[in-house]
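Hi,

Here is the structure you asked about. Please open it alongside this note; what I found follows below.

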Amino acid sequence: MSATGLPPDFLSRLDGLLGPGGLLTDEADCAPYGIDWRRLFPGRAAAVARPSSTGQVASVVGLCREAGVALVPQGGHTGLAGGATPDASGRQVVLSLARMNAVRAVDPVGLTMEVEAGCVVQAAQAAAEAAGRLFPVSYGAEGSAMVGGMIATNAGGINVLRYGMTRSLVLGLEVVLADGGVVDGLRALRKDNAGYDWKQLFIGSEGTLGIVTAAVLRLVPRPRYTETALLAVPDPEAALRILAAAQDSLGDTIQAFELISRCAFDLLERYAGLSGPLPPSPWCILLEAGSSLSGLRDAVEATLGEALERGDAVDGVFAESKAQAAGLWSLRERITECEAHQGKSVKHDVSVPIPAIPAFLEAADRALAEGAPGTVPNVFGHMGDGNLHYNVLVGPEHDSAAINRLVHDVVDRFAGSISAEHGIGQYRVDELARRRRPEEMALAQRLKRALDPDGLLNPGKVLRV
Ligand code: FAD
């Protein structure tokens, strides 16, 4: 071993495989790859490998296996669970897919596109739009997050209600396995029951089972008309009644149904100078519907008008232009950033059955008031999917792990999940082990050992070993 803890000729061999610009070893160059977006998980990369082709990824993985060096796959590095950050040993190599960023093909008739893992999600959306189609995965980090990271975390976002999680939009996948072998499953088929659907194993596996190098994504027709509205509601029960009514009257044209608490609006005002268009209210709903048939505005107006008459909504505003719709969405999308300005917060990305949301919120608020006095819940999220970001603003005196356990205990009582969309990474490893059934954890370990017997793919993420 050399002073770096790596085999003596490892870095020069890696350099030889990657060619000019493909390897970073200088500490200052590697530093940004070693710390996550929230700056919660500082690590240190021995080097950053930046392959430009699937063949190069395969060679890098093969060399790391031969040398016994661990790899940490990385896309846009926007993950909120510390999954793409190396540990502090300085002996792990970050594998950045950023140079593999091509949109290889868009098929507007078959409604598919083939893209490389390093393609930024927004660039994939733009390529679909240029062909008159929609790639509907959308979330606050889409300007930096990459398709490989989106797939490896099975990202959700604001349109899950209508189009599903990333998993439901991946038709084909190419992966490099831990032994350096390439598996090409880049089929653009809507129906394919020929054998095991192995790609599902890699979607959401957070880089622990294989490296995603390219994918065939499903596109959808672009709705010609979109209606976006912000509604003030007195409480989450009323929001739930509006959701049920909207499902009856608007059907699957509803593509987003977000719940935002007063606390989030206060943070937006304080740290981003953004005030919402409605007078302060305990809760708001951001609703969006889309359709290519005319008459959508009338249908949405009728639904919301009835909500106002019933008293489920107390006020509301429609976006009258694309710019106004973007303004309403920026309120939702900038909450996370404003939370960071506020100081320390303990994040929870939980889901519970949709009808249980009001009772869950009441129980979680009560548990916090009793178990962690002085903390403030800042709640927002994808109510239409049962997914809430139940984040807790805390002071230096509060113990984050204890608050995590306290909130997750309430989630368990409602048969929910401790990670609805952000994944486990290193942030929730212990909580996953504590809460998943032993037989589920044992099955996960067997899959990990079968696909990565030497434990070199993103060790310590999702599972302890
Ligand atoms: P990274 O952060 O680089 O990596 C994430 C994980 O995937 C790591 O475990 C990494 O090892 C692995 N990985 C990355 N690329 C590959 C690859 N090619 N092959 C194998 N493994 C790989 N997420 C949501 O689901 N919904 C949201 O609404 C949402 N909103 C967000 C808003 C903000 C402001 C921010 C900062 C994040 C948000 N996220 C959200 C979380 C994050 O953006 C997503 O998890 C994103 O999909 C990660 O993509 P990335 O390219 O940044 O991946």
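Before the rest, two notes on the source. Residues are numbered from 1 along each chain as its sequence is written. This is a predicted model: local features need pLDDT of at least 70, side-chain atom pairs count only at pLDDT 80 or more, and totals for chains, interfaces and linings use all residues. Helices (H or I, at least four residues) and strands (E, at least two) are DSSP runs, numbered from the N terminus.

Helix H9

H9 spans residues 262–272, and its buried residues are Ala264, Phe265, Leu267 and Leu268. They sit on the same side of H9, because they cover an arc of only 160° around the axis. That arc is taken from the directions from the helix axis to the C-beta atoms. "Buried" means that 20 or more other C-beta atoms lie within 10 Å of the residue's own; 12 or fewer is exposed, in between is partly exposed, and C-beta atoms are placed from the backbone. The cover over these H9 residues includes strands S13 (254–261) and S18 (376–382), plus helices H11 (322–333) and H12 (335–342).

Strand S8

S8 covers residues 170–176, and six of its seven residues are buried. Strands count as paired if DSSP finds at least two bridges between them. S8 pairs with S10 in the antiparallel sense, over six bridges. Val170 stands opposite Leu217 in S10. S8 also runs antiparallel to S9 (residues 182–185), with four bridges. There, Glu174 has Asp184 as its bridge partner. S8 and S9 form a hairpin with five residues between them. Gly180 in that turn has a positive phi of about 90°.

Leu171 lies in S8. It counts as buried because it has 24 C-beta neighbours inside 10 Å. Beyond neighbours within four places in sequence, its contacts (C-beta atoms, placed from the backbone, within 7 Å) include Thr112, Arg187, Val216 and Leu217.

The ligand

The ligand has 37 residues around it; the closest are Gly75, Gly79, Gly83, Gly148 and Gly149. A residue is near if its C-beta atom, placed from the backbone, lies within 6 Å. Strand S3 (71–74), helix H5 (147–152) and strand S10 (211–218) each give two or more residues to this shell. H5 gives the largest share, four residues. The shell divides into 16 nonpolar, 18 polar and three charged residues. Here Ala, Val, Leu, Ile, Met, Phe, Trp, Tyr, Cys and Pro count as nonpolar, Asp, Glu, Lys and Arg as charged, and the others, Gly among them, as polar.

Best wishes

Key:
Contact = placed C-beta atoms within 7 Å.
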